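Hello,

Here is the structure I promised to pass on. Please open it alongside this note. My findings follow below.

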Amino acid sequence: MSVSENSTITMLKEITTTFRCDYISLLDVDTFMVGTYGHRPLICTIDVDGNEGEIQHKLLPDKTYKLGKSACAYIPSPETILFTDNDKHTVYMCDIKSGEGRVITNDTIRAPRGMCASSNGCVFVCSVNSDSIVQLSLRGDVLMTHDVGMYGPYAISVSTDGSRLVVSNGTHGQRKIKLFNIVY
């Protein structure tokens, strides 16, 4: 897809996959990391030519997930995969370069879902059942919990300059998108 100056979106290519996709992140200019559901492995790669691969890490659970029960994201520096297990209230941080990783559980992380990372290394995780955003360090330390004033935050993104955070939910009757300024 390309976007012109007047915001016209043009499809460049359509790629067929053998897996069902839930989340997608850019690994590099030609390759995507895809969180799957109802499929093993949990995380696949696909490039613009349709070549599929998989990402394995010793910390990732050995099971399949239903739609909405896990999520993943990629942090380019330090080449880290974030993966959530909604039912186990757990966030996995997997360094794909070193093979190291951390399993993060905390009373503030309840049914984690969407996540993202800022350019300064803060990780933000939607904690659906506690109606908050949990802020983590790249080492996996819980730094803060932020009440976002919405029921069931589900998806999150941070601006490229790290100054704004957008959070959405998908709750019937209470669908909201909220924009926040980030002050470090």
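Start at Thr-80. Its bridge partner is Asp-95, in strand 9. That bridge belongs to a strand pair: strand 8 covers residues 80–85 and strand 9 covers residues 90–95. The two run antiparallel and share six bridges. Do keep in mind that this is a predicted model.

Four strands make it up, in the order 7-8-9-10. The sheet is open, and its pairing is antiparallel. Which strands sit at the edges? They are strand 7 (70–75) and strand 10 (101–105), and each pairs on one side only. From one strand to the next, the twist averages 15 degrees.

Glu-79 lies in the loop between strand 7 and strand 8. Glu-79 is not a glycine, yet its phi is positive, at about 50 degrees. How accessible is Glu-79? Its relative accessible area is 28%, so Glu-79 counts as partly exposed; the cut-offs are under 20% for buried and over 50% for exposed.

His-89 is in the loop between strand 8 and strand 9. His-89 has a positive phi too, of about 55 degrees, and is not a glycine either.

One last item, at the peptide bond between Arg-40 and Pro-41. That bond is cis, with omega at about 0 degrees. Pro-41 belongs to the loop that links strand 4 (31–36) and strand 5 (43–47).

Best wishes

Terms used
Residues are numbered from 1 along each chain as its sequence is written. This is a predicted model: local features need pLDDT of at least 70, side-chain atom pairs count only at pLDDT 80 or more; totals for chains, interfaces and linings use all residues. Side-chain values use heavy atoms; hydrogens and water are left out. Two strands pair if DSSP finds at least two bridges between them. Axes are lines fitted to C-alpha atoms, for helices over the stretch in contact, and angles run from 0 to 180 degrees between N-to-C directions. Buried means under 20% relative accessible area, exposed over 50%, partly exposed in between (1.4 Å probe, protein chains only).
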